[in-house]
Amino acid sequence: MKLMLLGLSGAGKGTQAKKISQDYNLPHIATGDIFRILIEEGTPLGQRAEKYIEKGKLVPDKDAIKIVKEELSKIDIFSGFVLDGFPRTLYQANVLTELLNDLNTELDIVLYIKVDPEELIDRIAGRRVCLNCGASYHIEYNSPKREGICDLCGKELIQRNDDQEETIRYRIEVHARMIDELIIYYQNKGILRTITGKSIEDIYNNIKMTIEVER
């Protein structure tokens with residue numbers, strides 16, 4: 001199946017996409033992760049993206065579209081995929097539709113993970129990540145065994161610049177307006193499915209039920 005996850009920053013799209021990828025053996029295309037890798041590598045595209053991400057702004061359409069085109073070209077698209085972090089704008093959604101149409105395919109389901117914005121702010125501001133192995137923690141809900149130290153590799157945990165509360169509030173406010181447009185866009189296509197839940201497990205169980213019904 002060709003799936004796309006939609007939701008505000010911090011809604012858990014990445015976590016859920018990884019679970020879907022593992023359980024259904026689907027390639028996971030995560031634009032946010034790709035940009036972070038490019039930033040760490042210091043590539044020209046990464047340097048451009050970093051200026052926007054640190055301020056809580058969206059990476060320009062042309063750069064996001066370039067990444068998705070490159071990633072889709074690497075996989076057998078007809079075997080399916082799970083897309084996470086793209087599209088972020090209505091323009092990107094139209095480009096994605098045209099791109100898939102050119103390949104004689106289309107999205108099967110758009111999974112909209114609906115979470116209260118204030119809950120997201122608390123969730124993201126408490127997030128800590130390991131730059132060495134990529135593990136993610138939360139100071140309240142999923143804290144490491146030793147404060148500030150990764151359980152997996154023993155390296156220091158950090159709070160990303162784009163996880164600062166002021167940056168988060170700006171990002172969510174801007175993103176919420178765009179999400180509303182995308183919700184309507186995919187509702188009109190008849191493929192939007194709204195997913196809710198109180199925990200990661202609840203949300204994933206609801207995602208799996210939705211996928212099984214649609215298969």
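Which helices do the buried residues of α3 pack against?

## About the model

This is a predicted model, in which local features need pLDDT of at least 70, side-chain atom pairs count only at pLDDT 80 or more, and totals for chains, interfaces and linings use all residues. Residues are numbered from 1 along each chain as its sequence is written, and side-chain values use heavy atoms, leaving out hydrogens and water.

Let's start with the opening question: the buried residues of α3 pack against α2 (31-41) and α4 (61-73). Contact here means heavy atoms within 4.5 Å, and helices are DSSP runs of H or I with at least four residues, numbered from the N terminus.

In α3 (residues 44-53), Leu45, Gly46, Ala49 and Ile53 are buried, that is, under 20% relative accessible area with a 1.4 Å probe and protein chains only. They cover an arc of only 90 degrees around the axis, so they sit on the same side of α3; the arc is taken from the directions from the helix axis to the C-beta atoms. Pro44 and Lys51 are on the face turned away from that buried side and are exposed, meaning over 50%.

Strands are DSSP runs of E with at least two residues. Strand β3 (residues 81-84) has both faces covered, with Phe81 and Leu83 buried on one side and Val82 and Asp84 buried on the other.

Strand β1 (residues 2-6) pairs with β3 in the parallel sense over four bridges, and Leu3 stands opposite Val82. Strand β2 (residues 28-30) also pairs with β3 in the parallel sense, over three bridges, with Ala30 opposite Asp84. Pairing requires at least two DSSP bridges between two strands.
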